[in-house]
Amino acid sequence: MKARLFLLLDSVRSSYWFIPSLMLLGAAALAVALVAADQHFDTEDLRGLWWIFSGGAEGARSLLSTVAGSVIAVAGTTFSITIAVLSLTSSQFGPRLLRGFLRDTGNQVVLGTFVATFLYCLLVLRMVRSVEEALFVPHIAVTGGVILAIASVCVLIYFIHHVSVSIQASRIIASVAGELEEAINRLFPDQIGQDGETVEAKPSSTPSSAGSNPNSRTVRATGEGYVQAIDGDALLALAREKDLVITLERAPGQFVIRSTKIATVKSGSQECSPVIPDIDEQVNTAFTFGEQRTSGQDMEFLLLELVEVATRALSPGTNDPFTAILCIDRIGASLCHLAERQIPSAARLDDTGTLRVIAKTISFEAIVETAFREIRHYGQEDPAVAQRLREVLDELGEFARTDAQRAAIRKEAAKAGTR
């Protein structure tokens with residue numbers, strides 16, 4: 001449930017409709033409220049204030065029409081600029097980075113402000129009546145339209161500045177690196193609780209091999225796509241309820257073809273009843289498949305975004321080693337922080353210390369290999385990139401806490417041509 005909720009929130013953050021839709025509803029409610037205030041309260045005293053609209057019906061209509069027409073035109077221009085920025089980002093830095101621009105709350109608020117102002121003016125405009133129609137001019141509501149128009153001008157200035165800053169390579173790389181840091185903190189916390197390395201599993205819970213245990217079953221995928229999330233809590237509860245040991249064959253970020261193997265379910269003990277046939281559906285429910293990888297449980301996805309920016313910068317057509325060095329610096333910093341974290345064991349135990357789930361995890365060595373393999377290949381001919389890569393690996397070695405980590409770093413350093 002937590003994994004699905006996280007994916008839902010991530011999908012909402014990456015949409016260009018959610019925040020503008022909320023702002024549209026807010027604008028509609030504001031228009032109704034201010035018109036109601038004009039209808040139920042005597043506004044003659046307020047009309048003496050300099051900032052309250054004091055014109056007649058024609059003036060109100062002209063003002064609201066001008067504001068509505070202007071902001072919807074600006075909204076169209078803003079949308080065109082956004083599409084141009086997305087196209088530039090996709091071609092220069094890679095299509096994966098489009099997700100970051102779609103998640104940009106500032107751009108969503110800008111679009112929402114323009115369309116909300118347009119809707120507000122339309123709703124107030126329909127309430128303005130001339131003398132022949134029983135004169136009614138909602139002075140407070142028209143003033144609200146003027147305030148929204150001023151806010152739209154301020155938002156436009158902000159948007160121009162924000163777009164010019166957000167397309168800078170350093171800002172894009174820093175944004176992705178920030179997400180990577182958040183993923184490391186979320187997926188590799190300092191205290192990881194019970195796992196197979198810190199708590200010894202009970203002997204009765206240790207699964208036998210598939211060949212010697214007839215009470216086992218291969219679970220095959222009913223869906224297809226990238227594994228976006230795996231509900232570990234649901235699998236742990238299922239395994240405990242049915243006295244099972246579930247071995248996962250897939251990890252978040254991997255692509256799964258329909259009917260391929262995603263898990264193996266075995267009885268927790270030789271004496272228990274055979275694995276129930278409908279366990280396939282219950283295990284598949286814990287897997288969430290999608291069209292693309294997400295960062296919820298897939299730290300490698302964010303790492304590959306930085307790698308892609310670096311490799312594109314090192315291509316002969318771009319030849320921008322300084323951008324590649326920025327990526328190397330950010331990758332090195334993230335791996336130094338990761339080296340200080342404990343990699344969770346593949347064994348997942350319930351609260352009684354019984355082995356229930358064997359997850360498919362990634363090792364520190366695999367992460368280091370993924371981070372530097374492509375950059376090392378494409379940057380070996382550039383002296384500045386090769387030198388910075390060697391320096392980052394040396395710095396990473398100072399943060400290594402285990403022999404396995406030091407071995408992984410030495411292995412990568414040997415490939416990079418350093419000591």
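**Close-up 1. Packing of helices α13 and α14 in the predicted model.** Helix α13 (residues 383–399) and helix α14 (residues 403–416) have axes that come within 10 Å and cross at roughly 170 degrees, and the two helices are therefore roughly antiparallel to each other. The handedness of this crossing between α13 and α14 is left-handed.

**Close-up 2. Residues in the contact of α13 with α14.** Helix α13 contributes Leu389, Arg390, Leu393, Leu396, Gly397 and Phe399, while Gln405, Ile409, Glu412, Ala413 and Ala416 come from helix α14. Sorted by class, the residues in this contact are seven nonpolar, two polar and two charged.

**Close-up 3. The edge-to-face pair of Tyr226 and Phe255.** Three aromatic pairs are found in the structure, and one of them joins Tyr226 and Phe255 in an edge-to-face arrangement, with 5.1 Å centre to centre and 75 degrees between the planes. Because Tyr226 belongs to strand β2 (residues 225–230) and Phe255 to strand β4 (residues 255–256), the pair ties together parts that are 29 residues apart in sequence. Tyr226 is partly exposed, its relative accessible area being 28%, and Phe255, at 40% relative accessibility, likewise counts as partly exposed.

**Close-up 4. The stacked pair of Phe287 and Phe289.** The rings of Phe287 and Phe289 form an aromatic pair that is stacked, with 6.2 Å centre to centre and 15 degrees between the planes. Phe287 has a relative accessibility of 3% and so counts as buried.

Methods
Residues are numbered from 1 along each chain as its sequence is written. This is a predicted model: local features need pLDDT of at least 70, side-chain atom pairs count only at pLDDT 80 or more; totals for chains, interfaces and linings use all residues. Side-chain values use heavy atoms; hydrogens and water are left out. Axes are lines fitted to C-alpha atoms, for helices over the stretch in contact, and angles run from 0 to 180 degrees between N-to-C directions. Helices (H or I, at least four residues) and strands (E, at least two) are DSSP runs, numbered from the N terminus. Angles under 35 degrees count as roughly parallel, over 145 as roughly antiparallel, 65 to 115 as roughly perpendicular and the rest as oblique. A crossing is left-handed if the near helix is turned anticlockwise from the far one by less than a right angle, and right-handed if clockwise. Contact means heavy atoms within 4.5 Å. Ala, Val, Leu, Ile, Met, Phe, Trp, Tyr, Cys and Pro count as nonpolar, Asp, Glu, Lys and Arg as charged, and the others, Gly among them, as polar. Rings of Phe, Tyr and Trp (its six-membered ring) pair if their centres lie within 6.5 Å; planes under 30 degrees apart count as stacked, over 60 as edge-to-face and the rest as tilted. Buried means under 20% relative accessible area, exposed over 50%, partly exposed in between (1.4 Å probe, protein chains only).
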